[in-house]
Amino acid sequence: MSKTITIDGKAIPFTEGQTIMQAATAADVYIPHLCHHPEFTPHGSCKLCTVKVNGRNCSACTFPAAEGQEVLNNTQELNSDRKTITQMLFVEGNHFCPSCEKTGNCQLQAVAYHLNMLDDHFPLFYAHRAMDASHPEVLIDHNRCIFCTLCVRASREHDGKAVFAISGRGINKHLLVNSTSGQLKDSDLDSGDKAAHICPTGAILIKHTAYQVPIGQRVYDHHQINEVSLASEHPHGE
Amino acid sequence: MANKIRVATTSLAGCFGCHMSFLDLDERLLQLAERVEFDRSPITDIEHCGRCDIGLIEGGVCNSENVHTLREFRKQCKILVAVGACAINGGLPAMRNFIPLEECLSEAYLDGIGVENPQIPSDIELPLLLDKVRPLHEVVKIDYYLPGCPPSADVFWKFLTDLLEGKEPQLDYALVHYD
């Protein structure tokens with residue numbers, strides 16, 4: 001007998017050691033997320049994947065599935081909380097979509113669209129954050145960093161380097177580049193690295209590739225992030 | 001038709017792109033005109049906002065006059081709508097928020113390339129600039145938001161027709177864009 005949990009009343013099989021997110025993805029159930037990526041160690045920081053497990057809020061990307069769990073995912077209350085979290089991400093950084101080359105292909109934006117976020121609700125921080133254009137092929141715009149640590153994990157776990165780290169707390173939290181000058185050009189980063197391509201927002205961009213895909217053909221122009229996410233993170237289907 | 005819905009519109013720290021997009025309603029404007037009458041708006045050139053059902057505001061708040069206009073709209077309109085990226089998060093004008101105001105003025109009026117007779121404008125008629133450009137919801141209560149840069153004519157149409165039919169306005173996925 002395979003073990004099962006239920007998500008929104010639907011029986012979902014899992015194998016021992018799987019997280020709720022892994023079991024859900026394998027069963028083609030989308031749980032909104034930004035800091036989670038199936039290839040890397042879960043970080044559990046963005047909290048978008050918060051689900052109710054037997055009545056308690058848990059991060060689906062870190063919480064292990066266990067026999068008989070009753071999980072609530074796609075509920076009005078959770079989606080409302082997720083929208084609030086997304087609004088907080090927007091006001092904490094500087095996300096000016098009309099002037100960002102990631103627009104249309106941005107997961108932060110796509111999650112916001114998916115949650116029907118029409119406004120920022122909170123006062124905007126307009127935090128002063130720098131740009132690092134020193135590297136010949138890769139650009140960092142710290143204004144758009146949401147501290148998901150995907151670049152940190154990709155660099156360590158996939159590229160075998162340690163180009164990035166997160167430092168500081170609260171409003172002073174920032175992405176660090178591991179080089180003596182602190183600049184990207186003096187780091188080990190290569191434009192072919194996974195870390196250079198993993199950013200869910202427009203914070204880390206490959207130079208000379210902007211606006212090559214016209215409006216109407218971008219990733220999220222016609223497909224919501226739930227479809228795109230399941231198709232890419234569970235490519236074997238079934 | 002006797003009791004038409006009164007609509008006022010204005011552009012604060014915006015580019016009038018949202019108004020241009022509104023005009024993209026094209027022939028649907030005629031249908032709208034059967035139900036709607038315009039109060040203060042660039043379309044009518046009425047200077048002050050009277051009692052209105054709906055106020056559509058494009059642009060963020062960048063100077064003292066914007067604040068007065070926004071408060072007048074809030075006072076006079078039953079439903080106040082933030083239209084477009086700048087009204088919602090400050091938009092492109094808010095990109096000056098990362099540069100001290102004095103530096104902005106110096107670059108534009110004193111030190112910039114090609115500036116003749118350099119002086120910072122100080123005519124008493126000119127509204128004072130705020131230190132930062134702000135979105136509307138930080139100054140008054142906003143009832144609805146139409147995102148986009150600009151929101152398409154279809155967004156205006158869906159929003160206004162929903163309201164006119166007495167429904168809660170709902171923008172589905174295809175109508176929600178921040179760019």
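What is the mean pLDDT of chain B, and what percentage of its residues reach 70 or more? The mean is 96, and 99% of the residues of chain B reach 70 or more; pLDDT is the predictor's confidence in each residue, on a scale from 0 to 100. Where pLDDT is low, the predicted coordinates should not be read in detail. For the complex, the predictor gives an ipTM of 0.94 and a pTM of 0.96.

This is a predicted model, in which local features need pLDDT of at least 70 and side-chain atom pairs count only at pLDDT 80 or more, while totals for chains, interfaces and linings use all residues. Residues are numbered from 1 along each chain as its sequence is written, and chains are lettered from A and ligands numbered from 1 in the order in which they are written.

**The two chains**

The table sets out the chains by name. Helices (H or I, at least four residues) and strands (E, at least two) are DSSP runs numbered from the N terminus. A residue is buried if 20 or more other C-beta atoms lie within 10 Å of its own, exposed if 12 or fewer, and partly exposed in between, with C-beta atoms placed from the backbone.

| Chain | Elements | Box along the principal axes | Buried |
|---|---|---|---|
| Chain A | 6 helices, 10 strands | roughly 55 × 40 × 35 Å | 42% of 238 residues |
| Chain B | 6 helices, 7 strands | roughly 55 × 35 × 30 Å | 37% of 179 residues |

The radius of gyration is taken over C-alpha atoms, and the globule rule is 2.2 Å times the number of residues to the power 0.38. Chain A has a radius of gyration of 18 Å, which agrees with the value near 18 Å for a compact globule of 238 residues. From the N terminus on, the elements of chain B run β-α-α-β-β-β-α-β-α-α-β-β-α.

Two residues are in contact if their C-beta atoms, placed from the backbone, lie within 7 Å. Of the contacts with a separation of 6 or more, residues 24 or more positions apart account for 63% in chain A and for 78% in chain B.

**Domains and core**

Chain A is divided into domain 1 (3-81) and domain 2 (95-227), with bounds from an automatic or database domain assignment. Their C-alpha centres lie 25 Å apart. In chain A, 13 residues of domain 1 are in contact with 17 residues of domain 2.

A nonpolar core is a set of buried Ala, Val, Leu, Ile, Met, Phe, Trp, Tyr and Cys residues joined through C-beta atoms within 7 Å. The largest such core has 99 residues, and those with the most contacts inside it include A60(A), C151(A) and I57(B). This core draws at least three residues from each of domain 1 (3-81) and domain 2 (95-227) of chain A. Leaving aside neighbours within four places in sequence, A60(A) has contacts that include I20(A), A24(A) and V51(A).

**Interface and a local site**

The contact between the chains takes 23 residues from chain B and 17 residues from chain A. On the side of chain B that touches chain A, helix α4 (residues 85-89) of chain B gives the largest share, 3 residues.

M131(A) lies in strand β6 (residues 131-132) of chain A. M131(A) is exposed because 12 other C-beta atoms lie within 10 Å. M131(A) and D141(A) are 10 residues apart in sequence and 4.5 Å apart in space, C-alpha to C-alpha.
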